[in-house]
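Student: I would like to learn how to read charged side chains in a model. Where do we begin?

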Amino acid sequence: IAPVQPPTAKENAMPTTQAPPPRPTYAETTSTPSMATLFGSFWPEIELPARVNVLLACVGVGVLAGLVIPEHDLGLGTFLVLMAAGSTVFLVAKNRRDPFTISCAALCVLLTIPVVVRDADWIAVPCLLIGALLCAVGLARGRSLPDFVVAAASAPMAGLRGMPWLGRTVRSVTGGGRAPAIVRTAVLSLAGLIVFGLLFASADAVFSHWAADVIPDLSVDTFVLRAFVAVAIGSVVLAASYMALNPPAIPLPAGTRRPVQQRYEWLAPVALVDLVFLLFLIAQATVFFGGHDYLRRTTGLTYAEYVHQGFGQLTVATVLTLLVVWAASHKASVDTPSDRAWLRGALGLLCALTLVVVASALYRMHLYQQAYGFTRLRLLVDVFEGWLGLLVIGVLLAGLALKGGWLPRMALISSAVMLLGLAAVNPDAWIAHHNIERYESTGKVDWRYLDGLSLDAAPVLSHLPQADRACALATYVPPKDDWLGWNYGRSRAEHALRNVTIGATAACRSVPEPG
């Protein structure tokens with residue numbers, strides 16, 4: 001054993017206090033433990049650096065929205081704001097090279113086009129809503145219906161989750177480096193634009209007129225509204241940008257599949273549903289071949305009343321069928337070839353019968369429209385029922401292959417495509433055209449309803465005889481849009497009716513129609 005050496009004089013002179021703890025890192029000093037605790041592993045933030053350029057881009061989009069959106073209808077200005085916001089979010093997205101994210105981005109671009117080509121708000125606004133859903137799902141790369149719900153719920157929460165990152169970004173502006181130079185450049189450029197623009201506007205009448213066409217009203221009366229819109233839109237784009245930089249941790253883990261022990265536990269309910277479907281279709285065939293006399297004799301209903309009576313129930317039955325297929329596919333065993341054959345046979349038959357029910361519902365709505373006219377609600381129901389039929393086909397194909405992981409994304413994308421198709425056919429013009437055709441053949445029309453359509457229908461209604469034109473366009477007001485509010489539908493209506501005389505409306509008589 002080596003002898004213990006006595007301490008030296010230098011060692012005796014050193015203090016016995018412990019060394020100070022290491023200084024915390026920048027990430028540790030700027031992180032917010034409460035946010036990490038609140039969101040946990042669902043939405044971690046791992047060293048997300050400050051991004052001054054993203055903050056400035058979102059501020060720019062907000063300022064643009066505040067200048068453009070107030071005092072304007074949906075049109076070119078709104079389209080420019082949406083494109084600026086979408087470009088900002090997509091260019092910073094972590095998953096921007098993912099094929100699904102790219103597909104969602106492309107659909108979002110297409111879904112903004114109705115804003116500038118259609119005057120009908122009832123079709124433009126749903127396009128924007130489903131575009132927002134596609135944006136959230138695409139950024140998070142969701143794969144299932146629960147993923148879609150979580151992604152949609154994460155979009156508004158991104159503003160709260162991104163507060164630590166926003167704090168780091170704001171502090172970096174005053175912390176040296178390139179950020180102050182960017183801010184100084186932006187401030188000086190804006191100051192030069194305002195000073196010299198005002199000088200030249202006061203010096204030349206033509207330049208002043210041009211400036212008035214480009215620069216919106218910045219009076220005190222509108223400043224508060226413009227500031228509110230700028231802050232609201234800028235905040236939404238900033239939250240979406242954070243979600244693009246740091247998406248939540250989805251797809252969610254799949255649940256454990258727990259099939260039932262005995263085959264009859266799922267097969268018996270499905271077989272009974274198949275039987276009910278068969279009986280319903282037999283009744284439909286009886287009415288079809290028996291005609292109106294048979295229907296009146298057995299039910300006491302007219303054919304129009306019979307058609308209107310069951311359409312809603314058929315739509316609900318189609319939705320419930322999809323739930324039945326989903327539940328049975330999760331409870332049925334697929335371990336043996338016999339199990340898989342029974343599953344394909346029972347659910348395949350149910351899907352095939354559901355397609356016939358979808359066709360029956362669409363045929364009922366067609367007859368009802370021929371009898372009572374065409375409306376927006378009836379057209380939307382037609383599109384929705386057709387979309388349900390497409391889902392049933394997708395479920396049938398997934399059941400045959402026993403692989404349905406692609407089905408939720410197909411349902412989401414197909415809903416967007418269906419809505420785009422509806423916007424492409426110019427629905428208000430389509431409704432006006434078919435109601436006029438029905439009026440020419442039957443003499444029945446609801447002028448009040450046609451007069452309430454958007455300006456998209458005006459070019460069609462302008463070809464009516466003068467007396468009927470006065471009834472259909474009684475409340476028409478020529479649009480007064482500047483270039484920021486320009487809209488193709490309104491511009492086309494103004495051009496079509498420029499030399500058209502509306503005339504008096506005293507002789508208008510609408511034939512009452514059921515709802």
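Tutor: We begin with burial. A residue is buried when its relative accessible area is under 20%. Asp98 has 18% relative accessibility, so Asp98 counts as buried. Keep in mind that this is a predicted model.

Student: Which residue forms a salt bridge with Asp98?

Tutor: The cut-off is a side-chain nitrogen of Lys or Arg within 4 Å of a carboxyl oxygen of Asp or Glu. Asp98 pairs with Arg141, with the closest N and O atoms 3.5 Å apart. Asp98 sits in the loop between helix H5 and helix H6, and Arg141 in the loop between H8 and helix H9, 43 residues apart. Arg141 is partly exposed, at 36%.

Student: How many salt bridges does this rule give?

Tutor: Five. Among them is Asp428 with Arg376, at 2.8 Å from N to O. Asp428 lies in helix H19 and Arg376 in helix H17, so the pair ties together parts 52 residues apart in sequence. Asp428 is buried, at 0% relative accessibility. Arg376 is partly exposed, at 22%.

Student: What about Arg118: is this residue buried or exposed?

Tutor: Buried, yet without a salt bridge. The nearest side chain of opposite charge, Asp456, is 5.0 Å away.

Student: Which backbone oxygen lies 3.4 Å from a polar atom of the Arg118 side chain?

Tutor: That of Ala424. Arg118 also touches other residues, including Ile123, Asn426 and Asn487. Arg118 itself is in the loop between helix H7 and helix H8.

Definitions and conventions: Residues numbered from 1 in each chain as written. Predicted model: local features only at pLDDT ≥ 70, side-chain atom pairs only at ≥ 80, totals over all residues. Heavy atoms only, no water. Helix = DSSP H or I, 4+ residues; strand = E, 2+ residues; numbered from the N terminus. Buried < 20%, exposed > 50% of the residue type's maximum accessible area, 1.4 Å probe, protein only. Lys, Arg positive; Asp, Glu negative; His and termini not counted. Polar contact = N/O pair within 3.5 Å; in protein donor to acceptor, adjacent residues only side chain to side chain. Contact = heavy atoms within 4.5 Å. Lists of a residue's contacts leave out its neighbours within four places in sequence.
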